[in-house]
Amino acid sequence: MDNTINPPKAISIPGNIGPFRGRRLLVVLALLALAIFPGGLGTLTRELMVDAYVQVSSFVAATLLLFYGAEKLFKFDIGTALENSKGWQVPIASLMGATPGCGGAVVVVAAYSSGHVGFGAVVATLTATMGDAAFLLIAVRPDAAAVVLPLSFAVGILSGWIVDILSRGKFDADPSQHCELAPQIGKTRIKDYAYFAFAVPGLVIGVTQILGKDIFEIYGVLPTIVGLAGTAVGLIVWSTSILQAMTNQKDSTLTRMTEETSFISIWVIGAYLAYDYLAAYAGLDLETMFQSVAPLLPLIAIVIGFVPGCGPQVLVATLYINGLIPFSALLGNAISNDGDALFPAIALNPKAAFWATLISAVPALVLAYGFYFFAPAFMN
C-alpha cells in the first residue's frame, strides 16, 4: 500500500505579469498624456491627481503603516488565531472583513480553503468587508465610516451565525487545497523609501486641508510638487508590480504599504477623473440624473457590489462623497461588495462564492432600503 501523503494542491492568485503589466503601462501612459495635455484638461488632471494624493493616498499609506507595523511588532498571525478560535471564528472573521482594505477578508478566504474555518466565517467576512473603498471613506468622510464599518461588522456576525446554523457544513471547503495569496517581493526597495518620503509631507498637507486651511496659501507650490511626485512614484510601483493587489505577509511593512497604497490610488485617481471629466466636458448633471431614479439607487449600488474587485466600489464611495447618491446606497454597496477577496473565493469554490455573495444581498437590501425610507437624510 502506498502511504505517501500527497501535498495539497495550491491555487494561486495570479500576479499581474506579462500582458497584465503591459495593460498597466498603457494606463500609466494615458494618465501621463492627460496630465501634460495643454490647456484646461491638463490643468484639471494635475489638480485632481494632487487632490487624490493628499486627500486619500497619504491617509491610506499612514493607515497601512500602522496596521502592518502593529502586525509585525506583535507577531500576530490571524490565520492561526482563526484556526484555534472555534466558536469565535465568525466574529473574528467579521472583524477582519470590517478592517479597511481587502487583506483581512482574503486571509479568511485562505483559511476557509484549507478547512480551518467554516462557510459562516466566509459569509461573515465578505458581508463585513468594504474593501479599499473604506480607506477613501475614512479619509474624506470619517463620520460616515464610523457608522458604516461597525454596522457592516455587526451584520457580518449575524449573517455568519445564521448561515452556520442553516448550512450544516454543506459548503465546507476541500482541505486538500490551499490558497497561495501572493509571491514575496523580498527586501525593501528604493521605490518603497521614495514613496514613504512623499507620503509623510502628503499626510501633513492632507491634515492641514481637513482642518479647513488653504494648503496653497500656507505651503505655496509644495502641495503640487508632493502630490504629483507621490502620484508618479505610485504609478511606477503599480505598473511594475508582480502583484495583483495583496502583498505577502513576509514582506517589509514599508513594501506592503507602498504596493497596496499604489494599487488603491490608481482606482481613486480613476474615480476622481471620471467624476470631474463627466461634469466638466460631457455636460452631464449627475445630481439631476440620479435624482430621477432615486428609489433605484440603493438597488443599483448593491448590484455594483456583486462585481469582483475594489474599483467599482471606490467609484460608489466617490459618488456618495460628492453628494450624488444617498447614504442608503453607500451602505447597501458596503455590505454587498466583497472587494478583492471574491477573486480567491471564486478560484477555490465557485459555488460557495456565488452563495456567499447572494446571501450578503439580503441584509444589504434590508438595511439600504430601511435607511432610504425611514432615515432618508441620514449622513447625507
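**Close-up views of a predicted model**

**View 1. Helix α7 and its buried residues.** In α7, the residues A133, A134, F135, L136, L137 and A139 are buried (under 20% relative accessible area, with exposed being over 50% and partly exposed in between, using a 1.4 Å probe and protein chains only). That makes six of the eight residues in this helix, which runs over 133-140, so α7 is mostly covered. Helices here are DSSP runs of H or I with at least four residues, strands are runs of E with at least two, and both are numbered from the N terminus. What does the covering of the buried α7 residues include? Look for α2 (40-74), α8 (142-167), α9 (190-210), α12 (253-281), α15 (311-321) and α16 (327-336), where contact means heavy atoms within 4.5 Å.

A word on the model: it is predicted, so local features need pLDDT of at least 70 and side-chain atom pairs count only at pLDDT 80 or more, while totals for chains, interfaces and linings use all residues. Residues are numbered from 1 along each chain as its sequence is written, and side-chain values use heavy atoms, with hydrogens and water left out.

**View 2. The whole protein, for orientation.** Of the 380 residues, 51% count as buried. Take the contacts between residues at least 6 apart in sequence: 83% of them join residues at least 24 apart.

View 3. Searching the whole structure turns up four cavities of 30 Å³ or more. A cavity is a set of points, on a 1 Å grid over the protein atoms alone, where a 1.4 Å probe fits but cannot get out, and lining residues have an atom within 4 Å of a point. Grid points are joined across faces, edges and corners, and the volume is the space filled by probe spheres set on the points. The second largest cavity holds about 80 Å³. It has 14 lining residues, with S57, T231, G234, S265 and I269 nearest its centre. Two or more lining residues come from each of α2, α11 (222-240) and α12, and α11 gives the largest share, at five. By class, the lining has eight nonpolar residues, six polar ones and no charged ones (Ala, Val, Leu, Ile, Met, Phe, Trp, Tyr, Cys and Pro count as nonpolar, Asp, Glu, Lys and Arg as charged, and the others, Gly among them, as polar).

**View 4. Aromatic pairs around F327.** The whole structure has eleven aromatic pairs (ring centres of Phe, Tyr or the six-membered ring of Trp within 6.5 Å; planes under 30 degrees apart are stacked, over 60 edge-to-face, the rest tilted). F327 and F378 pair edge-to-face, 5.3 Å centre to centre with 75° between the planes. F327 belongs to α16 and F378 to the segment after α18 (350-374), so this pair ties together parts 51 residues apart in sequence. F327 is buried at 1% relative accessibility, whereas F378 is partly exposed at 32%. Ring pairs link Y320, F327, F371 and F378 into a cluster.

**View 5. F354 and W355.** These two rings also form an edge-to-face pair, 5.6 Å centre to centre and 75° between the planes. W355 is partly exposed, at 35% relative accessible area.

**View 6. R256 over a tyrosine ring.** The charged end of R256 sits over the ring of Y68, 3.7 Å from its centre (the cut-offs are NZ of Lys or CZ of Arg within 6 Å of the ring centre and within 35 degrees of the ring normal). R256 is in α12 and is buried, with a relative accessible area of 4%. Leaving out residues up to four places away in sequence, R256 touches Y68, E71, T247, N248, Q249 and D251.

Notes: 1 Å grid on protein atoms, 1.4 Å probe; cavity = no way out; pocket = protein on both sides within 12 Å on 5 of 7 lines; lining within 4 Å.
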